Amino acid sequence: MTNKPALLWLREDLRFDDNPAMRAAAESGRPVICVYILDDDTPGDQKMGAAQRWWLHHSLTAFKDDLKTRDGKLVLRRADPRAIIPALVEETGAEAVFWNRRYMPWQTEVDSDIKAGLKDDDIEVTTCNGRLLYEPWEIKTKSGDPYRVFTPFWKSMQAMGDVRDALPRVDALKAPSKTPSTDRLSDWDLLPTKPDWAKGFGPVWTPGEKAARARLRNWLKGAAADYADLRNRPDRDGTSRLSPHLHFGEISPVTVWHAVKEAIDKGTVPHKQGDTYLSEIAWREFSYELIYNNPKMFDEPLQEKFANFEWHKDKNALEAWQQGKTGYPIVDAGMRQLWTEGWMHNRVRMIVGSFLIKDLGIDWREGMAWFWDTLVDADPANNTAQWQWVAGCGADAQPFFRIFNPTSQAEKFDPEGDYIRKYVPELKDLPKKYIHAPEKAPDEVLEKAGITLGDTYPEPIVDHAKQREEALSRYNDIK
Ligand SMILES: Cc1cc2nc3c(=O)[nH]c(=O)nc-3n(C[C@H](O)[C@H](O)[C@H](O)COP(=O)(O)OP(=O)(O)OC[C@H]3O[C@@H](n4cnc5c(N)ncnc54)[C@H](O)[C@@H]3O)c2cc1C
């Protein structure tokens with residue numbers, strides 16, 4: 001076996017467990033040079049958002065530490081990978097390059113260019129699937145087309161047979177005789193400084209593979225048993241909160257899938273609860289399938305009839321939404337959870353999305369961009385597919401005319417108002433009867449709770465019933 005090294009180009013796969021490209025590099029018997037490239041050049045509008053950068057800093061730190069225990073060193077570089085990878089190959093004399101595949105259009109373009117160039121130079125290139133259960137081109141309708149509706153997609157996915165086994169952890173990588181120079185992570189300025197708007201993230205999140213595995217373990221021991229019943233309750237800690245770990249590839253969907261299956265088989269997680277969770281993992285697969293096959297979805301509605309929909313351009317309303325000052329407590333709680341923790345409960349994501357699009361009449365792309373910048377789990381496939389779903393213009397979307405009433409949604413899913421009280425503390429002393437609609441509270445109740453509407457907490461910025469009618473009439477114009 002040649003002693004010439006191989007490059008392992010890490011991207012959204014910062015882990016040692018079930019990492020097919022890392023495994024293949026290790027098994028090649030070559031010394032392995034691990035590289036991570038911060039690419040702000042090729043993604044265009046999909047450049048990594050600010051909250052994700054916070055996560056990335058900590059995730060890379062955790063990965064570097066884990067690599068050190070295996071006597072490895074992570075090489076960090078920043079620029080267009082089309083320049084970096086060939087230059088590193090030349091500098092190190094590498095004869096092989098390994099990576100796990102990515103699926104967004106700008107990513108596949110870059111990867112194909114690099115692969116073609118390397119092959120021309122007789123460099124061996126090995127690419128693997130480390131991100132999804134199935135490739136986005138694998139699950140097809142009977143006529144050979146990609147699916148556009150979730151339920152048949154999910155049925156077809158289940159008919160694919162068993163998901164492949166998770167690969168064992170890589171415990172050792174053969175060290176190269178010389179490691180190329182690396183950027184200093186601190187020089188990448190991934191963390192906010194003044195002001196440190198991400199100071200609320202640390203107490204809630206621990207990025208890195210070990211933390212991802214611990215989160216999965218703890219959730220399986222606890223809330224998983226009631227997942228289907230509690231997953232819509234933002235006031236209860238019922239979901240797995242694995243989304244940023246899955247996004248950064250600190251844990252693989254294959255690992256998660258088998259862990260949940262095993263818990264179902266052992267009877268520690270009831271079938272109904274576990275199967276519902278597996279179907280959510282399948283929604284992630286469906287989003288990737290959609291975007292891979294409809295790459296224009298990033299900025300164009302999938303349903304053409306929405307192309308000329310008239311959106312409102314209302315800067316004040318948009319800012320009130322972003323800052324959690326709409327006067328609708330559940331919307332404000334969600335937007336403030338997003339700002340302070342970099343994450344929002346799924347049910348509330350749907351409520352705030354519907355409010356932006358249907359109550360405020362603002363373009364779903366504004367919401368998508370805000371989420372992109374503020375979510376630690378911001379994922380190009382999930383974020384895009386889900387915003388189009390809420391707007392009613394995507395595949396298998398909620399119909400535009402189904403408009404969430406933010407007050408009744410809050411009454412149903414945050415019945416005691418605990419979620420609202422946590423994130424909108426100025427309302428914490430309001431009795432349950434008025435917590436979902438403070439504007440309906442009598443003056444003496446407001447006074448006793450220390451609330452002056454329009455001063456300590458906003459009046460509703462729009463009237464939901466009126467906005468609903470307006471949204472429906474604009475929808476009728478394009479129907
Ligand atoms: C407007 C909007 C924007 C969204 N943007 C993103 C995003 O950028 N990144 C992201 O990962 N999810 C996004 N979602 C989907 C969903 O809200 C999150 O995946 C979920 O809240 C993450 O929390 P969890 O890990 O506790 O989920 P769990 O309920 O524990 O689900 C487990 C995993 O399944 C996947 N999943 C769950 N729900 C969905 C869904 N509806 N669509 C696709 N995958 C799903 C996620 O990977 C999640 O981690 C968005 C939803 C909406 C309505």
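Cys 34 stands opposite Leu 74 in strand β3. Strand β2, residues 32–38, and β3 pair in the parallel sense over 5 bridges; pairing requires at least two bridges found by DSSP. Strands are DSSP E runs of at least two residues, helices are H or I runs of at least four, and both are numbered from the N terminus.

This is a predicted model, where local features need pLDDT of at least 70, side-chain atom pairs count only at pLDDT 80 or more, and totals for chains, interfaces and linings use all residues. Residues are numbered from 1 along each chain as its sequence is written, and side-chain values use heavy atoms, leaving out hydrogens and water.

Back to β3, residues 74–78: 4 of its 5 residues are buried, so the strand is largely enclosed by the rest of the structure. Buried means under 20% relative accessible area, with a 1.4 Å probe and protein chains only.

Next, helix α9. The 14 residues of α9, 253–266, should span 20 Å at 1.5 Å a residue, and the end C-alpha atoms are 20 Å apart, which agrees. The expected span is 1.5 Å times one less than the number of residues. Buried residues of α9 include Trp 257 and Ile 264. The buried residues of α9 pack against α5, α6, α8 and α10, with contact meaning heavy atoms within 4.5 Å. After α9 comes Gly 267, with a positive phi near 85°.

Last, Arg 15. Where is Arg 15 found? Arg 15 is in the loop between β1 and α1. Among the residues that Arg 15 touches are Phe 63, Glu 209 and Gly 249, not counting residues up to four places away in sequence.

Conventions: Buried means under 20% relative accessible area, exposed over 50%, partly exposed in between (1.4 Å probe, protein chains only).
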